Amino acid sequence: MNPIRSALARALLSPKPRPLRACHYAAATAGATQPESVAAEMVRYALGGARPGSAPDEAIRILEQGASNLQGGGEGCAEAVGMLMLAMSTLLYRSGRRQEAMEKLKATNQVAPAAFRVAAWEATMGLCMEVGQVINTSMSPDDLVDLSIKDDNIKWSDQGHLKCRVNAIRGLIALLNGETESAQLFFDGCKDLCAGVGNKQTENAVLSYGEYLHCVGDFPLATQMYERVMEALTTEDMSGNFLAACNMVPEEVSLGATCSYGQLLSHSGKFSEAEDYLTRALKKAEDQFGANHPKVGIILTCVARMYKLKAKAEGSSSIMVQEGLYRKALEVLRAPSINSEGVSKQMDWRDIISLARGEYAELLLIQSNRKAEGERMKEWAEHAWRNSRLTLAQALEFSGPSKPTVVDTRIGRVM
């Protein structure tokens, strides 16, 4: 029998439904209801058995059937439907069907309770940032989400954590747009909650706050945020977290915190420690997504940039190592050929591909017999670069403690 169908059958036949372990919504504090337990087991099997890039159709059909049966039911049914719909969007995202994932997130906003609507909006904004869509901080959650946060049925403490998540995404958008002062205002609205990661699914917000602090040069506090996220997600059961989707799920947040901390150590000149954390991030990405997934290419780019800083600081040379890393990163990112005509407007991972090509071009330009190749590559990278916060030249230069650039692996963007 299909494992997802088996899970559903076991859950429905069990007289005592298995309680959720580390479920991050209010109902879990009093024990999960039967519908929530059924949905939780279905989600665990669906997400646990799905490989990146594989077709999720059978799993999605089962989850859709479950959601259809639960809609309009009694206690716990609305939460169960929210779990199933977020899981469906994650399956679609992992199989490369980003637009369908966004449509499923939009549908979640129409049927699920407050916390799930916030999670759906958070994931939607994450996907918009990933594809390089021009968005601004006025793109707030829709009216349903705003009303949900203020709902009398939500405890005051939970309202605060939901608002923290919304403000952190707005802050991340502002940071991407180069609006540092606006970003500060948004993060000021949630930094007290970020100071204490608990069981309210705020790790995503804490990571975004840490990246803001990293970008503005507050390395000590950024370090605290990164370490807090890594510790929280090491001790928690991430398979029991149902209040996140797509590139904002705990596995992505854990990977992002590990990679960002490795970058911070590199910017601080602590190259041995930086290499250790970046290697951990690389292994996480390979284990979670496979060796040829674009997330692996993003981290390889960060590793290569670390070697660049190390060589500069130590007066040494690592040209061959850096070149090998950039070549592999661009291969995994499926970068277009520099000989192809034009630069596609819809190119995935544009920030990272342009950055990697720009860095690679610099390596070629210092070799007299490869300058022509380097010039072509540099021209391609400059033409492809679309980051509104800084020019490609600035991104290549800003890698020290005073003006660092940070790569966010969740969204594949440079900040």
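Modeller: First, the ring rule: Phe, Tyr and Trp rings (for Trp, the six-membered one) pair if their centres lie within 6.5 Å, with planes under 30 degrees apart called stacked, over 60 edge-to-face and the rest tilted. You're looking at a predicted model, in which local features need pLDDT of at least 70, side-chain atom pairs count only at pLDDT 80 or more, and totals for chains, interfaces and linings use all residues. Residues are numbered from 1 along each chain as its sequence is written, and side-chain values use heavy atoms, with hydrogens and water left out.

Biologist: OK, how many aromatic pairs does that rule give?

Modeller: One of them joins Tyr-209 and Tyr-212, whose planes are 10° apart, which counts as stacked. By the rule, the count of aromatic pairs comes to six.

Biologist: What separates Tyr-209 and Tyr-212 along helix α11?

Modeller: Helices here are DSSP runs of H or I of at least four residues, strands are E runs of at least two, and both are numbered from the N terminus. Their rings sit 6.4 Å apart, centre to centre. Because they are three residues apart in α11 (residues 203–215), their separation is about one helical turn.

Biologist: What's the average pLDDT of the chain?

Modeller: The score is the predictor's confidence in each residue, on a scale from 0 to 100. In this chain, 80% of the residues score at least 70, and the average is 82.

Biologist: Which residues have the most contacts inside the largest nonpolar core?

Modeller: A nonpolar core is a set of buried Ala, Val, Leu, Ile, Met, Phe, Trp, Tyr and Cys residues, joined through side-chain atoms within 4.5 Å. Of the 415 residues in the chain, 56% count as buried. Leu-84, for one, is in contact with residues including Ala-39, Met-42, Leu-63 and Leu-70, leaving aside neighbours within four places in sequence. The largest core has 130 residues, and those with the most contacts inside it are Leu-84 and Met-129.

Biologist: Where does Met-347 lie?

Modeller: Met-347 is buried at 8% relative accessible area. Leaving aside neighbours within four places in sequence, its contacts are Pro-336, Ile-353, Trp-380 and Ala-384. Met-347 lies in the loop between α16 (319–332) and α17 (350–365).

Biologist: What is the phi of Trp-349?

Modeller: Most residues other than glycine have a negative phi. Trp-349 is in the loop between α16 and α17 and counts as buried at 7% relative accessibility. Arg-334 is in the loop between α16 and α17 too; its phi is positive, near 55°, and it is exposed, with a relative accessible area of 58%. Trp-349 has a positive phi of about 60°.

Biologist: Which residue's side chain joins Thr-405 in a polar contact of 2.6 Å?

Modeller: A polar contact is a pair of N or O atoms within 3.5 Å; within protein, one must be able to donate a hydrogen and the other to accept it, and residues adjacent in sequence count only if both atoms are side-chain atoms. Thr-405 sits in the loop between α19 (392–397) and β1 (407–408) and is buried at 2% relative accessibility. Its side-chain partner is Arg-305.

Biologist: Last one: which backbone nitrogen does the side chain of Thr-409 reach?

Modeller: Thr-409 is in the loop between β1 and β2 (413–414), buried with a relative accessible area of 0%. Residues it touches include Glu-252, Cys-259 and Lys-295, not counting those up to four places away in sequence. At 3.5 Å, its side chain reaches the backbone nitrogen of Gly-256.

How values were computed:
Buried < 20%, exposed > 50% of the residue type's maximum accessible area, 1.4 Å probe, protein only. Contact = heavy atoms within 4.5 Å.
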